[in-house]
Amino acid sequence: MKILKLEIENLASLKGKHVLDFTAPPLHQCGLFLIAGPTGSGKTTLLDALSLALYNELPRMGKISKRDIDQTGALVTRHTHHALARVTYRCASGTFISQWQISKNRNGNWRNYDFEVFDEAGNSMGLLRSEVATFNAERIGLDYEQFTRAIVLAQGEFAQFLKSGEDQRAALLEKITGDRIYRQLGKGAAERASGLLAQDKDLKNQQEGLRAQVLEPDQADALSAVVDGLNTNVQSQQKELHQRERALEIRKALNQAKSSLDARRRELAAAESRWTHWNSLHADSWSRHQALLPIESVVRQWSQASARLASAKNELLGLTADQTASRERLELHLERAQAWLPSRVDRATIVEQLDAHSEQVRRVAKRLNQKKEEAATLQAQFKQQVEFQTKLEWSGDRTAAEWSTALGRNQTECTQQLAEAESQLAACAAPGLDEDSAANWELRAEQWMQLESAWNAKNGRATQIQSALSTKRTQLAEIPDQLRARQHALLLATSKEQTAEAEWRYAALHAQVAAHRTELAAGHPCPLCGALEHPFAKDLPEIHPDDKKAARDRAQQARMDAELALKEAQRKQQGLQDELQLLERELEELGLDPLNAELREVKSSFPADWAEWGGERVRSHVRDWVAAKGRALEASKFLNGGNEASQRLERLEASREEVGVIERELNAIWPQETAVDEAVSAWKLAWKLEHGTLQSVNQRMERVEAAILLESEAVEACEREAQAILDELGLADLGAAHAQLIDGGKAQQLGKEREQLNIDRIQAVERVKEQETRVEELLENDAKEPEETLELRAKTAEEQLHAFQAERDARFAELQQHQGALKQIEVLERKRAQLLGDGEKWLKLHALIGDGEGKKFNKFAQQLTMGQLLAIANRRLKGLSDRYRFAEPDESGKLAVIDQHMAGERRGVNTLSGGETFLMSLGLALGLSDLASRNIQIGDLFIDEGFGTLDSEALEGVLDVLDRVQTAGGRNVGIISHVEGLKERVSTQVQLTPNGQGHSTLRVVPED
């Protein structure tokens, strides 16, 4: 796996976009490079961006979620709305781009993060967020923990690893190597074995509890015989109870049958009563109706024909009235048409006469409309001339004589006004004034006034600007002192924040250590030093990290306030400078001198006496002359317009007289208010409709008269057919017969009622007979004893049966409990045998590797891993130092080194100096990287801090080894440190420089 490019945007102190391109100079072929910068500048953030972009996980925070960023404010640069980490890497499968990013929505809340992978061409691989880390791990060949061991080496863990006891070292080695499976296997074996033994113990306890319920053999046999005897007694008593209950049931049935017999007899009496009542009401009418049934259809036909005959006669009377009314309406239409026509109307040609008269009326009306339009045009012209060419106001109510008088007065008034205007014009005369030059003089006077006004306004504004400039310059001179004071306050607040941060971290660490002290037990070794006595385990001082955290937060807020105050002063300074520039530019743009010169030039163009007046008086004088000239022209125009208006008035009066003549002609031939076309069309439609109505009435009368004849014949035929039966029954006519017939629906209802009443009588007799037979049968089987005696004997038999059953059930339950306990004991024995047989492998595995915490197997596995790791680390140490090698751990499990300069003396790692500890830790770290990358080609290695403990000679040796590591393995090796000496020895550097506002800039040197 080879990292090609790292892109960062707004992560921690790295605000903005930053790119490390390992395919471009100088990083593409340097091999060894330095990531340098002071503490807090963002060196470790570069490594965090790598693991974030590949796995969405950080060493100090674990997996990252939107909630972590919301609650802690960590990771994303403060006051930004978007963050990104993107890594381009090459592996055996190809080149891929893995990208992590997050942004805020328009409400200022963080959206969920995006986690994607693209191919080399930038096409998305279409993975879910949860699938990206697995995809990268499969392509790279390293999961997150293996990546941080093989590529990013954190020296703090290895220094702790060197000085820890065996148990703590095993835990650290497990964390570094990720071999947690051995602890889990040991713990799992112990848990499975413990579970098996617990289950077996539970089964044994159940067996012991069941044995208390088992009887002796002779006791069980005796109990079985007792149960058999009780079963015999129960069966005998059940037969006795059945006999008693049967006798009681027969007696109850007999009583019920007697009650039912009485009810049936009452029902029979009721049926007979209903039959008698119906006959009293309907027998006579029913018999008469039955006698008329042979001629029922004839009677009903006669009734229907008679009704139709009467209806037809009534209809004929109505049609006769309609015929008379229609003829009268036609005569009225003729009279109306006669009133319109000058000659006598003819019924046959009335329509043609009306059409000819209508055409004559339309011709006269057309001539009238044309003449009215001509008069209206003349009136409109007269009105326009009156309004625009005379001083008169238009009024349509004036007569011609009134208009003539008004026009005469207008002529006199216009003559007077013309004389007055000419007098005023002579008074306003001035040299150079005429109709052509007046407008030019007025325009130049306006220009004079505008220039004068503009110069006064700009001169006043210039005075205001000069005053404002003086004030702003005074304020700007005070700003540098304010800036120095606020910069000093920011430095002081930053220092206090760093102190508070350090105190809070110390308190948190102290609290953590104190928590470990509470776990120390007398007689048990300390995991750190191995001592059996623990004098500091008691009387622990009270530590409150939360107080320190609150102090840190206050200091942080104070620092932020100081930053804001400094920025505010800087913004104020910039604002004042901008305002000064604007005021100076405005003063320059006013242009007072050119404006004053233009004003003098305009004044010089006027005559000498006018120049003394001023622009406003000159303009007023010119306007007075123009006004007088205008009044003279207007009076002359009105004078001429009055003469033309008199002529138009004469033509208008002549046209109106012609209109009157035509109107009288039209009234003579059509005096109606309604238009001729509308009136004649309505008359013709009414005439046509009325003729149609009369014709329709005549046709209907013919049909009705024919119907009357047919119905009369039908009535006579019915009377002839029924006459014989009518004589036999003594009825006068079919009307009397129809009165005695019952309506069809009612007759059907009476027939059904009569039939149902007869059926009810017959069924009631049958039910009485059936119930009498039932009573006789029950009397034969009755016990002939009182009912109280029968109930007492049945109750006694039932109580005796319950007593036998209760005793039998109790003895049978004892027997069942005994038998059930025996069966359950056998089942539990089989379960124990199967449980121990199936779990035998877990019991054996527990004996070999199992314990409650998984230490046993984990310790064995870590010893093997430790031996392999120390062998690889010793090979790396040959290049770092010729003095020390790792020795095998002693019986206590503590790590030791072989001092080859001291004849192979074994020394504890606690005796090493800081530089020696770093060298041994680096050897371990390089060894672990080799161990983690045995099956994977790794092209990059990052070593984080630890170089500050080395002297110059050791530092040169370490750099030489790292150079060989990158040369031999083809790796890019990045050293992360703030040690100044490394800057002189490593030419290619990634420099991180803080800007004093919590952010850093990134620069690669030497720059390409």
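These entries record what I looked up in a predicted model of the protein.

**Overall content.** I began with the secondary structure and found 25 helices and 16 strands. I then checked burial: 36% of the 1008 residues count as buried. The accessible surface is about 58,600 Å², and carbon and sulfur atoms account for 50% of it. I also looked at contacts between residues at least 6 apart in sequence; 73% of these join residues at least 24 apart.

**A sheet.** I followed an open, antiparallel sheet of three strands, ordered β10-β11-β12. Its edge strands are β10 (884-887) and β12 (905-908), each pairing on one side only. Neighbouring strands are turned by 40° against each other on average, direction ignored. Between β10 and β11 (residues 896-899) I noted four bridges. Phe886 has Val897 of β11 as its bridge partner.

**Salt bridges.** I noted 22 salt bridges in the structure. In the pair Lys63 and Glu57, the closest N and O atoms are 3.6 Å apart. Lys63 is exposed, at 57% relative accessible area, whereas Glu57 counts as buried, at 18%.

I next looked up Glu267, which forms a salt bridge with Arg767 at 3.6 Å between the closest N and O atoms. This pair links helix α8 (residues 217-291) to helix α19 (residues 744-781), its members lying 500 residues apart. Glu267 is partly exposed at 34%, and Arg767 is partly exposed at 32%.

Finally, I examined Arg363 and Glu359, whose salt bridge spans 3.9 Å from N to O. About one helical turn separates them, because they are four residues apart in helix α10 (residues 350-389). I also recorded one network of salt bridges with shared partners, joining Glu501, Lys549, Arg552 and Asp553.

Notes:
Residues numbered from 1 in each chain as written. Predicted model: local features only at pLDDT ≥ 70, side-chain atom pairs only at ≥ 80, totals over all residues. Heavy atoms only, no water. Helix = DSSP H or I, 4+ residues; strand = E, 2+ residues; numbered from the N terminus. Buried < 20%, exposed > 50% of the residue type's maximum accessible area, 1.4 Å probe, protein only. Contact = heavy atoms within 4.5 Å. Areas by Shrake-Rupley, 256 points an atom, 1.4 Å probe, with all protein chains shown as cover. Pairing = 2+ DSSP bridges. Axes fitted to C-alpha atoms, helices over the stretch in contact; angles between N-to-C directions. Salt bridge = Lys/Arg side-chain N within 4 Å of Asp/Glu carboxyl O.
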